[in-house]
2 protein chains.
Amino acid sequence: MIQSFNSSLLENAVAELSKLPGIGRKTALRLALHMLRREESEAVALGESIITMRKNIAYCSRCHNISEQEVCPICNDSRRDSSTVCVVENVKDVITIESTHQHSGLYHVLGGVISPLDGISPADLEIDSLIKRVTEENLKEVILALSPTIEGDTTNFYIYRKLADLPVRVTMLARGLSIGNELEYTDELTLGKSIQNRVLFTSTFSKH
Amino acid sequence: MIQSFNSSLLENAVAELSKLPGIGRKTALRLALHMLRREESEAVALGESIITMRKNIAYCSRCHNISEQEVCPICNDSRRDSSTVCVVENVKDVITIESTHQHSGLYHVLGGVISPLDGISPADLEIDSLIKRVTEENLKEVILALSPTIEGDTTNFYIYRKLADLPVRVTMLARGLSIGNELEYTDELTLGKSIQNRVLFTSTFSKH
């Protein structure tokens, strides 16, 4: 039911807020009324942070991660191993992998995964630019770090085939038990993979 | 876990967004990345709508509802019955009651309910200004429309006592069965009230 707010300004803010994913009209109204109760400076800070962010953040021309400059800080970091590139679906996955501190190479953000149902074909993704990087930057290793879903696996396989003739090592993230999970609650597919891909016990002592 | 975003602008927008109620850091990041994927004009429209709303909406000096002018459109509407005032907890309740189209009088927004646990005393609410309105505006009826909670009932009773000596009719919203609910799932207190306050069957035909 559409409710009238007796204020076009409130109406407008609610309409804009409810365009955000996961935010309906009721939540949007709750957020707007919250802002009205707080200091004006808070609403101004929020509004300006959104506008400034959107106006100044673009995408890195090399890895397609978000960046305030032409090339992002990760690509520009000379301490990182520029011969290893980790392929991820989106910007959020870069943040997630960075938080593990286990990848010292660069990234390549595809912008999605192949998904015919959603109308996403290889041409919609940054796959050609990845192939180009492998050749031009003489990459030694490409780590496929897509989600272990049908779409992710399809994309992994597509990229693997495209890279097959190039002198580059193609690896993918290990699948196995989640740390902290009970064995009996692990699904059979994952458990089976973790047996196939078992590792020497001593290897868990060596730091990667 | 605090993740680093490699962008102070993104960091800033996420920090501001996560100040909103019910929005954590993860949701804030999801919203920010969504805005980065969409057109710049959308983010600008959202940001500006928030700032404009906060800068231009104030509170009606008469009923304390939100208003873009000194006095709100409801108070200014000469077609409404200015001798009947509906007392509500907050601005949202005005919108909710307006959407029923059953109240043709004015409003008085208390700004909360008496709640000693939350440190809200009668002095923090617009109760004195309500008493003043009853006298100055010669009100005929005050409809108490607070939530049927302990705090709401306490506030109802407090206002009722304050108005006891004034020549004004004090009414409150009916409590009874929710339309569409099964009888067996109605709590006993509500069911009991609905028996005490039963109405003539023929009265359901007459329009209020």
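Predicted model: local features only at pLDDT ≥ 70, side-chain atom pairs only at ≥ 80, totals over all residues.
## A strand pair in chain B

The side chain of Thr84(B) makes a polar contact of 2.8 Å with the side chain of Asp81(B). If you set aside neighbours within four places in sequence, Thr84(B) also touches His103(B), Gly105(B), Leu106(B), Glu141(B) and Ile143(B).

Strand S3 of chain B covers residues 81–88 and runs parallel to S4(B), with 5 bridges joining the two. To get from S3(B) to S4(B), the chain passes through helix H5 (residues 91–98) of chain B, and this β-α-β crossover is right-handed. One facing pair to look for across these strands is Cys86(B), which stands opposite Tyr107(B) in S4(B). Is strand S4 of chain B mostly covered or mostly open? Strand S4 (residues 105–109) of chain B is mostly covered, as 5 of its 5 residues are buried.

## Where the chains meet

Now for the contact between the two chains. Chain A brings 57 residues to the contact, and chain B brings 57 residues too. The area buried between chain A and chain B is about 5,300 Å², and carbon and sulfur atoms give 72% of that area. Between chain A and chain B there are 0 salt bridges, while 11 residue pairs are in polar contact across the two chains, counting pairs with both residues at pLDDT 80 or more.

Which parts of chain A supply at least two residues each to the side that touches chain B? They are helix H1 (8–17), helix H2 (25–37), helix H3 (40–56), helix H4 (73–76) and helix H5 (91–98) of chain A. Of these, H3(A) gives the most to that side, with 16 residues.

## Salt bridges inside chain B

Side chains of opposite charge can pair when their charged atoms come close. Over all chains, the count comes to 18 salt bridges.

| Salt bridge | Closest N and O atoms |
|---|---|
| Arg25(B) and Glu11(B) | 3.2 Å |
| Glu137(B) and Arg62(B) | 3.1 Å |
| Glu137(B) and Arg133(B) | 3.0 Å |

Take the Arg25(B)–Glu11(B) salt bridge, with its closest N and O atoms 3.2 Å apart. Arg25(B) lies in helix H2 (residues 25–37) of chain B and Glu11(B) in helix H1 (residues 8–17) of chain B, so this pair ties together parts that are 14 residues apart in sequence. Arg25(B) is partly exposed at 26% relative accessibility, and Glu11(B) is partly exposed with a relative accessible area of 27%.

The salt bridge between Glu137(B) and Arg62(B) links distant parts of the chain, 75 residues apart. Glu137(B) is in the loop between helix H6 (128–136) and strand S5 (141–144) of chain B, and Arg62(B) is in the loop between strand S1 (58–59) and strand S2 (66–67) of chain B. Glu137(B) is partly exposed, with a relative accessible area of 24%, and Arg62(B) is partly exposed at 27%. Glu137(B) also forms a salt bridge with Arg133(B). Arg133(B), at 5% relative accessibility, counts as buried. Over in chain A, salt bridges that share partners join Arg62(A), Arg133(A) and Glu137(A) into one network.

## Two buried loop residues in chain A

Cys63(A) lies in the loop between strand S1 (58–59) and strand S2 (66–67) of chain A. Cys63(A) is buried, with a relative accessible area of 1%. Apart from neighbours within four places in sequence, Cys63(A) is in contact with Cys72(A), Cys75(A), Tyr107(A), His108(A), Val109(A) and Arg133(A).

Ser99(A) lies in the loop between H5 and strand S4 (105–109) of chain A. Ser99(A) is buried, with a relative accessible area of 15%. A polar atom of the Ser99(A) side chain lies 2.6 Å from the backbone oxygen of Thr96(A).

How values were computed
Residues numbered from 1 in each chain as written. Chains lettered and ligands numbered in written order. Heavy atoms only, no water. Buried < 20%, exposed > 50% of the residue type's maximum accessible area, 1.4 Å probe, protein only. Helix = DSSP H or I, 4+ residues; strand = E, 2+ residues; numbered from the N terminus. Pairing = 2+ DSSP bridges. Right-handed = clockwise from strand over helix to strand, strands pointing away. Contact = heavy atoms within 4.5 Å. Buried area = accessible area lost by both parts, 1.4 Å probe. Salt bridge = Lys/Arg side-chain N within 4 Å of Asp/Glu carboxyl O. Polar contact = N/O pair within 3.5 Å; in protein donor to acceptor, adjacent residues only side chain to side chain.
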